[in-house]
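Here's a quick tour of one chain, from the overall fold down to a single residue. Have the viewer open while you read.

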Amino acid sequence: MDMNSIIIAAVVIAAVGIIVGVGLGLFGAKFKVEVDEKEAAVREELPGNNCGGCGYPGCDGLAKAIAEGKAPVNACPVGGAPVGEKIAAIMGVEAGSSEKKVAFVKCKGTCDKTKVQYEYHGIEDCAKASVVPGGGAKACSYGCTGFGTCVKACKFDAIHVVDGVAVVDKEKCVACGACVAACPKHLIDLVPYKAKHLVQCSSHDKGKQVTAACEVGCIGCTLCTKQCKFDAIHMDNNVAVIDYEKCVNCGACAAKCPVKVIQ
């Protein structure tokens, strides 16, 4: 190959490169996606767990919603108040106050407290076990099956099965709601971190049926409701339910409960 051929090839390649570069530049300018600076700044402050606890599809979805004014600046349960304050500064608004919440398992039926109706030999998954006769091996069909589907759902190592019942570590829980969604028996609620009295039962059976299945189930006696001076606890379908907006943590209900199901 002579020198002229090499020069011509180099010139052609350079010309093609210039044409492609100009074309890409024009194409990029025409179809450029505008990025909301606030959205990008908000996303930078979010922790990146993508847990979905805020109700949006990951941190990107929440950042977009906050930037558009469709979600509060303190909507991230993982980041909590510190992240909420940083995002509030970006958005130029007040952070507002949001009470810390944690997950709580409404069951106290440990292996030594609840009766077993049969031996279960199958897949150790709460959702699958809950559809077998009786809702699982435990005599209480409302109780925790203890197979830890909620444990697998938690990205923060905040919930574990202890003696047959799921237990939440309040200090690790970020109230993302993954365990709430995972529990097939709807035994897990998000409650105020400061709540000192909680009903550890979800059974809707009546007294005799409850005691026949579990030693520590709510028997619907209503003694707790009669003790409360703040109208903060009521019976709902045979089980006591606390209104945390009214509860002052006086402990009168827990002291009077004959089965000690209010912790």
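Start with the contact pattern: of the contacts in the chain between residues at least 6 apart in sequence, 59% link residues at least 24 apart. Contact here means heavy atoms within 4.5 Å.

Before going on, a word on the source: this is a predicted model, where local features need pLDDT of at least 70 and side-chain atom pairs count only at pLDDT 80 or more, while totals for chains, interfaces and linings use all residues. Residues are numbered from 1 along each chain as its sequence is written, and side-chain values use heavy atoms, with hydrogens and water left out.

The chain has 10 helices and six strands; these are DSSP runs numbered from the N terminus, helices being H or I with at least four residues and strands E with at least two. Of its 263 residues, 35% count as buried. Buried means under 20% relative accessible area, exposed means over 50%, and partly exposed is in between (1.4 Å probe, protein chains only).

| Helix | Residues |
|---|---|
| α2 | 37-45 |
| α3 | 58-67 |
| α4 | 80-91 |

α2 and α4 pack at about 165°, with axes 10 Å apart. Axes are lines fitted to C-alpha atoms over the stretch in contact, and angles run from 0 to 180 degrees between N-to-C directions. The two helices are therefore roughly antiparallel, a label for angles over 145 degrees. The α2 side brings K38, A41, V42 and E45 to the contact, and α4 answers with V83, K86, I87, I90 and M91. By class, that's six nonpolar, no polar and three charged residues; Ala, Val, Leu, Ile, Met, Phe, Trp, Tyr, Cys and Pro count as nonpolar, Asp, Glu, Lys and Arg as charged, and the others, Gly among them, as polar.

α3 is mostly covered, with eight of its 10 residues buried. Among them are C59, L62 and I66, and the cover over the buried residues includes α2 and α4. After α3 comes G69, with a positive phi near 80°.

Finally, hop over to D236 in strand β5 (residues 233-236). Is D236 buried or partly exposed? Its relative accessibility is 47%, so D236 counts as partly exposed. Setting aside neighbours within four places in sequence, D236 touches H204 and V241.

Conventions
Parallel < 35°, antiparallel > 145°, perpendicular 65-115°, else oblique.
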